[in-house]
Amino acid sequence: MTLVITLRTENGIVMTADSAITNTTIREITHNRLKLLQIPYLNAGMSFYGKARIDSNSTGAWLQKFIDENNNKI
């Protein structure tokens with residue numbers, strides 16, 4: 001299970017997430033995974049859950065690469 005908490009206050013938005021990814025199919029837990037990503041050029045953040053892979057990359061790695069590569073396209 002993933003825990004993601006987002007809080008909006010008068011001073012801004014705070015996001016936090018746990019670092020474990022659980023694959024219930026094979027009963028595996030992977031710790032210290034990045035599940036919370038900053039998108040500075042949108043002044044935004046995003047989070048995800050699950051142990052999916054995209055093009056043989058972990059979801060977090062793929063998303064971070066996408067964010068980095070699209071920095072100047074927005």
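**Close-up views of a predicted model**

**View 1. The two faces of strand E5.** Strand E5 shows a covered face made by Leu37 and Ile39, while Leu36 and Gln38 make up the uncovered one. Keep in mind as you browse these views that this is a predicted model. Which strand pairs with E5, and in what sense? The partner is E6, and the two strands run antiparallel, joined over four bridges.

**View 2. The hairpin of E5 and E6.** Four residues sit between the two strands of this hairpin. Look here for Asn43, whose phi is positive, near 50 degrees. Across the strand pair, Leu36 stands opposite Ser47 of E6.

View 3. How does its accessibility class follow from the numbers? Its relative accessibility is 26%, so Leu36 counts as partly exposed, a class that runs between the 20% limit for buried and the 50% limit for exposed. Leaving aside residues up to four places away in sequence, Leu36 touches Met15, Thr16, Ala17, Met46 and Ser47. For one of these contacts, Met46, the separation from Leu36 is 10 residues in sequence and 5.8 Å in space, taken from C-alpha to C-alpha.

**View 4. The largest pocket.** Here we turn to open space, with about 200 Å³ in the largest pocket. The elements giving two or more residues to its lining are strands E2 (12-17), E5 (36-39) and E6 (44-47). Which of the elements gives the most? That is E5, with four residues. The lining includes Leu36, Leu37, Gln38 and Ile39, and Ile13, Val14 and Met15 are also among the lining residues. Asn43, the hairpin residue with the positive phi, lines the pocket too.

View 5. Glu69 and Lys65 are separated by about one helical turn, because they lie four residues apart in helix H1 (residues 59-69). Are these side chains' residues buried, partly exposed or exposed? Glu69 is partly exposed, with a relative accessible area of 46%, and Lys65 is partly exposed as well, at 48%.

Methods: Residues are numbered from 1 along each chain as its sequence is written. This is a predicted model: local features need pLDDT of at least 70, side-chain atom pairs count only at pLDDT 80 or more; totals for chains, interfaces and linings use all residues. Side-chain values use heavy atoms; hydrogens and water are left out. Buried means under 20% relative accessible area, exposed over 50%, partly exposed in between (1.4 Å probe, protein chains only). On a 1 Å grid over the protein atoms alone, a cavity is a set of points where a 1.4 Å probe fits but cannot get out, and a pocket is an open set with protein on both sides within 12 Å along at least five of seven lines; lining residues have an atom within 4 Å of a point. Grid points are joined across faces, edges and corners, and a volume is the space filled by probe spheres set on the points. Contact means heavy atoms within 4.5 Å. Two strands pair if DSSP finds at least two bridges between them.
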